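The tour goes from one selection to the next.

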Amino acid sequence: MTSRSSSIASITDLFRPEKNKRLRSKDLSSTRLNVLKKEIKTDTHLVPLDTLFDQLGTDPVKGLTRYKAQELLEYYGYNTLTPATQYGWTLVLFKSMCTGFSILIWIGALLCLIAYLIEMTNKINPSYDNLYLGCVLIAVDVICGLFSFYQNYKSSKIMKTFNSMIPVYANCVRDGVMDSETPVRNLVRGDIVEVKAGDIVPADIRIIESKGFKVDNSSLTGESIAVLRANVEGTSNILESPNVAFFSTQCVEGWALGVVLCCGDLTALGRVAGLAARLKPALSPLARELKSFMRCMSLWALCLGFFLAIASLIIGYPFMQTIIFVIGIIVANIPEGLQPTVTASLTLTAQLMVKKQCLVKNLDAIEALGACTTICSDKTGTLTQNKMCVHHIWMWNQTYNVSKIDSEKNNKVFQSLTICGALCSTASIQSDGNISGDASEKAILNFLMEHDNPMTIRDNFPKVAEIPFNSANKYQASVCLNKYDSKFVVLMKGAPEYIANRCATIALKTGNTSLTTEMMKVVELATEKLANSGERVLAFADLTLNTKEFPIDFEFDIDNINFPLDKLRFLGLLGLMDPPRQEVGNAIRRVREAGVRVMMVTGDHPATARAIAHEVGIATSENCYIITGTELRDMSSDVLNWTLEKYYEIVFARTSPTQKLQIVEACQSRGDVVAVTGDGVNDAPALRKADIGISMGLTGSQVSKQTADIVLMDDNFATIVTGIEEGRKIFDNLKKSVCYILISNAPEILPVLMFILFSIPLPLGVMTIICVDLGTDMWPAVSLAYESAESDVMDRVPRKSERLVSARMLRQAYGHLGLMEFAAGMYAYFIVMAEHGFYPAALIGIRKKWDNVAINDLEDSLGQEWTYAERKELERAAQAAYFVAIVVTQMTNGIICKTRFNSFFQVGMKNRILNMGLVFELILACLLCYIPGLSNFFQTYPIRVRWWFLAIPFAVLMFVFDEFRKYCIRNVMYNGWFNNLSYY
Amino acid sequence: MTVKKRTSDLTSLERFNMYYREKEPPLTGSQKVKRFIWNPKTRQFCGRTGSSWSKIALFYFIFYSALAILVAICMWTFLQLLDARQPKWQLERSIIGTNPGLGFRPTPPEVASSVIWYKGNDPGSQQFWVKKLSTFLAAYKRDGKKAGAGQNIHNCDFKLPPPAGKVCDVDISAWGPCVQDNYFGYHKSTPCIFLKLNKIYGWRPKFYNSSDNLPKDMPEDLKEHIRNMTAYDKNYLNMVWVSCQGENPADRENIGPIQYLPHRGFPGYYFPYTNQEGYLSPLVAVHLQRPKTGMLINIECRAWANNIKYERLEAMGSVHIEMLIE
């Protein structure tokens with residue numbers, strides 16, 4: 001990559017609509033991604049406005065000229081979000097059909113077709129077997145490909161949801177004319193726009209002039225608290241700068257005139273969207289395992305096939321024969337049923353989770369959740385309800401919890417406080433009972449609704465004047481008329497330090513006393529205490545004006561204040577906070593017990609973050625480490641890594657969307673499997689990058705739901721615990737399924753070796769192998785996913801080094817059970833041969849004559865002579881017997897694989913799906929053998945009933961052996977030798 | 001809790017370095033392989049110590065022995081249950097069925113080939129086939145010294161079927177030109193091919209023993225022969241007839257006249273085959289009297305009996321031979 005500085009000019013160039021000719025679209029996309037990952041560095045919000053106007057070539061009154069705007073629009077493109085280059089579904093389908101085993105199966109199919117073509121050109125009457133086999137292999141490939149396609153393909157609509165956040169029209173001044181119907185997509189840098197309450201900010205703008213302009217930055221910070229924006233001095237971090245309003249944020253109150261700083265992809269939102277859409281989520285742990293396993297298997301199969309092919313060609317086997325057993329080796333070695341089994345098992349669990357109100361969008365995520373080692377949780381809306389509530393009430397020298405305030409109903413101070421609160425709160429109750437207004441105002445009103453009727457109070461105290469809140473005086477005051485005694489009351493609400501300074505007296509239960517310095521100290525202490533526990537503290541005060549000075553017809557003037565705003569009576573404090581969801585504390589405790597680390601990553605203030613962290617149990621001691629966004633920016637990745645290593649409980653506060661992503665990436669680089677929970681737009685990049693992105697279904701933004709892998713439909717954090725449990729269970733059960741599938745591999749590979757080494761007629765055909773892998777084995781393998789957990793999975797620590805396919809499992813599958821199956825199969829094969837006159841001794845070395853079409857009179861051990869067609873039929877019968885032996889022993893294996901640890905007799909046959917699966921396996925085997933068309937196509941044979949029983953001694957041996965093995969494992973006998981050998 | 005600034009916090013960096021110093025330096029790939037093959041620290045070879053290896057070897061030895069023993073016991077028990085003289089499944093119940101195929105000698109050496117190819121003027125190439133035939137016919141040579149084998153041989157005739165426990169003799173000396181002394185006719189480019197009917201335990205042919213209901217596709221010369229035989233001696237009709245002819249019209253011209261020796265078929269007294277001691281398959285020597293040289297001749301020989309079905313693709317009741325004399 002060329003070294004590109006991340007200065008605005010080059011970024012702007014990078015996002016120009018015309019394709020940069022020097023870069024391929026893929027490079028461009030990754031360059032853009034790298035640029036987006038960096039924090040925004042700009043000074044456009046710091047320079048004096050006039051300088052900025054000069055830079056942008058605009059005029060604060062007249063705006064841009066139409067001509068210039070058009071020019072800029074043509075150069076930089078529309079003010080929209082550019083979607084990332086997406087792979088079409090055809091490409092994804094093509095890719096899923098050519099990954100892992102698929103390539104090998106394609107090779108096999110190709111070899112089959114080649115063999116058929118060779119035969120077709122050489123013979124007058126070619127047999128269609130190779131053609132059929134080729135077609136079946138292609139079908140297998142397509143089926144497996146579709147399964148992995150189903151799992152891989154997620155149509156990404158992320159950009160669409162982002163774009164839906166953008167308004168259509170904006171008020172824009174150009175050539176000195178205000179046009180309220182300017183399409184937002186036509187805005188360019190330097191445009192002068194006006195934003196009113198209710199509007200959505202059409203681009204990143206710097207405020208020129210404003211009045212009471214409040215924006216809800218929740219789409220960027222996740223905190224739905226309206227913040228004041230005005231033409232004041234900016235701070236270095238543009239995201240926190242009080243003179244900038246961002247694209248897509250909503251104006252809650254007031255109006256503002258601003259100049260557009262940047263548009264489209266370069267805005268703060270554009271960066272978040274660009275990141276979320278362009279990030280490639282890491283491969284899930286399961287996918288990683290499967291990938292490496294498939295690679296190993298394929299390599300092994302290829303090597304074996306290649307080696308055998310060379311060897312047999314050297315020995316002197318004809319080319320056709322060599323092709324046939326190379327195909328045999330490849331098909332036998334590949335567990336074709338693996339991908340469908342995994343997909344089906346995960347789908348089943350996903351369906352189970354849907355019943356628990358948990359939508360699993362990405363199947364792998366459910367297993368990844370079981371493997372998850374770290375959860376990075378957003379605070380607002382995820383851990384908390386994202387709803388401000390009054391949490392504590394402080395009246396002289398006593399802090400009351402909101403739930404225990406009822407005992408104070410008759411307290412005079414409390415009554416005054418409710419009156420003051422009802423009159424000061426700017427929230428209004430609409431006709432439909434909904435409360436509208438600022439979050440904290442709503443909280444106050446909500447609280448009062450529970451204890452009093454604020455509407456009656458408001459009726460009894462008509463408001464005559466109001467001084468609205470502004471950032472300069474930090475209070476809000478209103479003057480009301482007390483209808484009972486016809487006196488005016490001044491009521492004030494605001495930051496405690498400002499209010500307390502204006503107070504002369506304080507209300508006690510017993511009456512009013514003057515506010516002494518000591519008492520002030522007490523008030524300050526109480527304020528600090530509440531603030532430290534993460535609450536937003538509001539103080540209330542009132543003053544009854546005497547009728548002499550302020551008669552009933554007194555005109556209150558709020559511009560030139562003609563009434564006293566000091567010497568007030570201090571009433572009390574209200575502590576507001578966004579309370580944690582009820583279930584969260586318990587859920588986090590359980591998650592931590594399960595060995596998963598929980599960290600908080602929030603855009604909120606450190607104090608609030610810490611308070612919530614303590615409350616929900618993310619932080620349990622003073623060791624909890626709090627890192628703010630500013631500190632994080634100064635950390636090198638090594639220091640961040642070290643911090644993650646050193647401290648177990650970490651809270652990240654005041655983080656930007658990119659920093660959330662940075663934290664996730666840091667965790668992942670340590671080898672953690674990271675789950676991110678979040679609900680806001682600002683979480684989108686982190687959700688996307690995380691191994692498991694979890695979004696909230698009710699409160700979550702569209703964008704976060706679109707990006708997430710899992711959506712909690714009822715916002716219940718506790719579902720994550722269930723998810724972890726299910727994820728771990730499915731991993732355990734997947735191991736059983738994989739083991740089950742692998743066991744039948746050994747009796748599929750070894751016949752080919754017997755064929756080559758002992759020159760016996762082929763004991764198991766390729767078609768039959770496919771019948772086992774994708775036919776009879778499928779249902780039982782999938783149904784093992786329904787097994788209940790063998791032990792409490794939540795007692796374990798997350799698996800980190802535990803593999804899906806371990807050496808122990810391979811030993812168990814190939815070395816023990818698989819060999820027994822092989823023995824059973826060979827026994828059945830030899831018996832069928834012997835019953836027809838070919839004794840085992842006679843078979844060894846017979847292959848060359850056996851497979852020779854020209855030999856029409858091959859003599860068996862009893863002197864009978866077999867034509868080619870007759871002995872091929874016998875071969876099919878023997879192969880069918882081998883197949884049936886595999887089926888019978890695999891049914892036993894289904895029972896064996898039910899448990900890895902417990903005895904079968906403890907568990908029983910309670911898994912009905914598995915029971916049905918075993919019956920299905922039997923019926924399918926019968927169908928394959930006895931339906932004329934099928935048996936011809938799949939090269940099986942309607943075998944005698946007695947041959948079904950040949951494998952039974954081996955099945956019994958397998959069962960007994962495995963029960964013994966599990967017994968040894970349970971009791972850790974022989975120093976745990978069996979545990980080390982084969983406890984997978 | 002106070003949050004420290006750690007912009008250029010040296011102490012934390014130092015601690016960071018210390019933390020990582022405790023870990024061993026990562027091994028390179030080749031070191032890892034070496035360490036895996038032989039780890040001197042733990043005295044492990046391929047990840048296991050000597051005692052571990054011996055234990056695992058012992059386990060697998062016992063395990064596989066037990067498995068092998070089980071297979072052996074099962075196999076032995078089963079084979080004990082089988083009759084050593086006759087197949088478990090016979091005729092219709094066996095896959096071999098009731099439709100014997102035909103075999104021919106000499107068999108070509110190449111796999112999947114049925115071409116008898118030699119050079120008429122090259123004794124070396126003839127020798128190969130002659131040798132093959134004499135090896136094949138060695139079993140038919142009556143050798144008085146061979147006790148046991150020759151004991152129950154009986155000279156059968158159509159009027160003289162073999163008594164129980166005896167088998168019929170196949171006299172190879174009376175086959176005119178198709179004898180070893182005559183190099184089976186190979187040196188004169190008039191080669192003999194020997195046909196044999198596949199042995200099927202207990203199979204009895206149903207002869208075409210009257211000239212009335214002969215199948216339509218039977219060659220005319222065979223029909224003629226059967227009619228002649230009917231006139232000559234009805235006993236001779238108890239025969240599984242044999243016919244050989246070129247597969248295509250051109251082959252039929254090239255093949256020339258054919259002589260069948262000693263009979264034009266397999267006499268009925270050889271049947272049924274019941275795995276008798278010393279049983280010899282009856283043979284028919286097909287003598288190509290004037291085959292065209294330098295040309296590949298496709299010959300199809302068929303056996304004719306009421307219960308022999310014919311299907312060319314599956315080679316049922318027939319055999320395909322190619323002959324090329326240069």
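The stops below cover a pair of helices, then the cysteines.

This is a predicted model, in which local features need pLDDT of at least 70 and side-chain atom pairs count only at pLDDT 80 or more, while totals for chains, interfaces and linings use all residues. Residues are numbered from 1 along each chain as its sequence is written, chains are lettered from A and ligands numbered from 1 in the order in which they are written, and side-chain values use heavy atoms, with hydrogens and water left out.

**Two helices in chain A**

Select residues 285-315 of chain A, helix H11, and residues 363-371 of chain A, helix H14. Helices (H or I, at least four residues) and strands (E, at least two) are DSSP runs, numbered from the N terminus. The axes of H11(A) and H14(A) come within 7 Å and cross at roughly 100 degrees; axes are lines fitted to C-alpha atoms, for helices over the stretch in contact, and angles run from 0 to 180 degrees between N-to-C directions. H11(A) and H14(A) are therefore roughly perpendicular (65 to 115 degrees).

A:Pro285, A:Leu286 and A:Ala287 of H11(A) meet A:Asp364, A:Glu367, A:Ala368 and A:Ala371 of H14(A).

How many disulfides does the structure hold over all chains? There are three, each a pair of cysteine sulfur atoms within 2.5 Å.

Select B:Cys156 and B:Cys168, whose sulfur atoms are 1.9 Å apart. The torsion about their S-S bond is about -95 degrees, so this disulfide is left-handed. B:Cys156 lies in the loop between strands E6 and E7 of chain B, and B:Cys168 in E7, so the pair ties together parts 12 residues apart in sequence.

Next, select B:Cys178 and B:Cys192, with an S to S distance of 1.7 Å. Their S-S torsion is about -70 degrees, so this disulfide is left-handed.

Then go to B:Cys244 and B:Cys301, joined at 2.0 Å. Here the torsion is about 110 degrees, so the disulfide is right-handed. The pair links distant parts of the chain, 57 residues apart: B:Cys244 is in strand E9 and B:Cys301 in strand E13. B:Cys244 is buried at 6% relative accessible area (buried means under 20%, exposed over 50%, partly exposed in between, with a 1.4 Å probe and protein chains only).

**Last stop: chain A cysteines**

Select A:Cys424 and A:Cys420; their sulfurs are 3.9 Å apart, too far for a bond. A:Cys424 is buried, at 0%.

Terms used:
Parallel < 35°, antiparallel > 145°, perpendicular 65-115°, else oblique. Contact = heavy atoms within 4.5 Å.
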